[in-house]
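Colleague: I have a new model open and would like to learn how to read it. Could you take me through some features one by one?

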Amino acid sequence: MAVLSLCLFLAMYRRRKNAQAEAAFQMAADLRRMCSESDSARDIAKRQLVSLLRERNEMLDRVCRIAYESPNQKVAEKNLAKAVDELGGRLTRDKAGMERMERLVNSNFDNLLVRLRADMPKIKDVDYSLYVFSVLGFSAGAIAFLTGVERTSIIYDRKRRLRKKLEALDSGGEYVGMMS
């Protein structure tokens with residue numbers, strides 16, 4: 001169980017880092033443009049860049065610290081499993097974590113979620129969360145873990161049903177194209 005949790009954690013971590021790297025490249029391009037515009041924009045850009053760099057290495061540092069400080073493999077696996085569970089809780093059960101992911105999607109994809117809410121005002125919370133995770137590139141296994149679903153087949157079924165709902169919209173092709 002602990003090894004499975006560790007593998008899932010590392011897979012989620014790698015996917016998250018790839019998405020963050022892509023976002024970092026985009027942010028770097030935006031930062032260059034902003035820095036040439038004004039001093040105040042340059043200060044904002046510097047703060048954003050520092051924040052991004054710190055956040056990017058926070059989880060890896062935590063995993064390494066847990067592995068290093070644990071007296072043996074069994075304790076390390078238990079502590080890593082606990083850290084993975086805490087991360088999942090922070091991302092999904094904590095309102096601030098979900099809001100942060102929504103801001104990330106909206107800022108990088110031209111207010112995609114704002115437009116989705118306008119086009120589908122009665123979207124279920126579970127479908128909305130599924131869409132956010134899909135846009136951010138989470139795998140079906142990671143989404144199942146984060147949402148507390150026991151089987152990935154359930155996630156695949158939900159994604160298929162959500163795609164059909166999105167395709168029925170006038171601008172549905174844009175929404176479907178963003179899903180992983």
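Modeller: Gladly! Let's start with a list of contacts: serine 134 touches Ile143, Lys159, Met178, Met179 and Ser180, leaving aside residues up to four places away in sequence. Keep in mind that this is a predicted model.

Colleague: Where is serine 134 placed, and is serine 134 buried or exposed?

Modeller: Serine 134 belongs to helix α6, which spans residues 125–135. Its relative accessibility is 0%, so serine 134 counts as buried, the cut-off being under 20%. Phenylalanine 133 is also found in helix α6, and at 1% relative accessibility phenylalanine 133 counts as buried.

Colleague: Ile143 was among the contacts of serine 134. Which residues are buried in helix α7?

Modeller: In helix α7, residues 140–147, the buried ones include Ile143, along with Ala140, Ala142, Ala144 and Leu146. For the general idea, an α-helix has 3.6 residues a turn, so residues three or four places apart point the same way. After α7 comes glycine 148, with a positive phi near 80 degrees.

Colleague: How should I read a positive phi, and which residues other than glycine have one?

Modeller: The general idea is that most residues other than glycine have a negative phi. Here, aspartate 110 has a positive phi near 50 degrees, and asparagine 111 has a positive phi near 55 degrees. Aspartate 110 is found in the loop between α4 (95–108) and α5 (112–119), and asparagine 111 lies in the loop between α4 and α5 as well.

Colleague: Now the packing of helices. At what angle do α4 and α6 pack?

Modeller: Read the angle together with the distance between axes. α4 and α6 pack at about 55 degrees, with axes 10 Å apart. That angle makes α4 oblique to α6, and their crossing is left-handed. From α4, the contact is made by Met98, Met101, Glu102 and Val105; from α6, by Tyr128, Ser129, Val132, Phe133 and Val135. By class, this contact of α4 with α6 has seven nonpolar residues, one polar and one charged.

Colleague: And what is the angle between α5 and α6?

Modeller: About 150 degrees, with the axes of α5 and α6 12 Å apart. An angle over 145 counts as roughly antiparallel, so α5 is roughly antiparallel to α6. The crossing of α5 past α6 is right-handed. In this contact, Leu112, Leu113, Leu116 and Arg117 of α5 meet Asp125, Tyr128, Tyr131, Val132 and Val135 of α6. These residues divide into seven nonpolar, no polar and two charged.

Note on methods: Residues numbered from 1 in each chain as written. Predicted model: local features only at pLDDT ≥ 70, side-chain atom pairs only at ≥ 80, totals over all residues. Heavy atoms only, no water. Helix = DSSP H or I, 4+ residues; strand = E, 2+ residues; numbered from the N terminus. Buried < 20%, exposed > 50% of the residue type's maximum accessible area, 1.4 Å probe, protein only. Contact = heavy atoms within 4.5 Å. Axes fitted to C-alpha atoms, helices over the stretch in contact; angles between N-to-C directions. Parallel < 35°, antiparallel > 145°, perpendicular 65-115°, else oblique. Left-handed = near helix turned anticlockwise from the far one by under 90°. Nonpolar A, V, L, I, M, F, W, Y, C, P; charged D, E, K, R; others polar.
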